[in-house]
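Here is a short briefing on one chain. Take a look at the model before reading on.

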Amino acid sequence: MGLDRTEAAEALRSRRYRARVTADQREAQRLGARGAPFLVFDGRFAVPGAIGTDDLLAVITKAWDESHPTPQSLPVVAGTDGVCTPDGCA
């Protein structure tokens, strides 16, 4: 995983990340986690337990699509009287 064994052991011994871990645990409990795995996507979709790859992809896709909506074209207004453009107003 690319972790330095000595640094990882020191981090565990020193408990330097204890506050972060405790905060993560509280947040997981608030979101309904009761075990592992427990995945959260975009802060809005939770997946408790193991699921298949097709279901996992469906959740990821739904979270992405809802947070990145497809841009919609603006309606074109008939006539240009009173319409402003980057070049000025008619």
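How many helices and strands make up the secondary structure of the chain? There are three helices and four strands. Helices are DSSP runs of H or I with at least four residues, strands are E runs of at least two, and both are numbered from the N terminus. This is a predicted model: local features need pLDDT of at least 70, side-chain atom pairs count only at pLDDT 80 or more, and totals for chains, interfaces and linings use all residues. Residues are numbered from 1 along each chain as its sequence is written, and side-chain values use heavy atoms, without hydrogens and water.

**Fold and dimensions**
- From the N terminus, the order of elements is α-α-β-β-α-β-β.
- The chain has a radius of gyration of 24 Å, whereas a compact globule of 90 residues would have one near 12 Å (C-alpha atoms; rule: 2.2 Å times the number of residues to the power 0.38).
- Its C-alpha trace spans about 70 × 30 × 30 Å along the principal axes.

**Packing and contacts**
- Of the 90 residues, 8% count as buried (under 20% relative accessible area; exposed is over 50%, partly exposed in between; 1.4 Å probe, protein chains only).
- Among contacts (heavy atoms within 4.5 Å) between residues at least 6 apart in sequence, 3% join residues at least 24 apart.

**Arg16**
- Arg16 lies in the loop between helix 1 (5-14) and helix 2 (18-31).
- Arg16 is partly exposed, at 49% relative accessible area.
- Leaving out residues up to four places away in sequence, Arg16 touches Glu7, Glu10 and Ala11.
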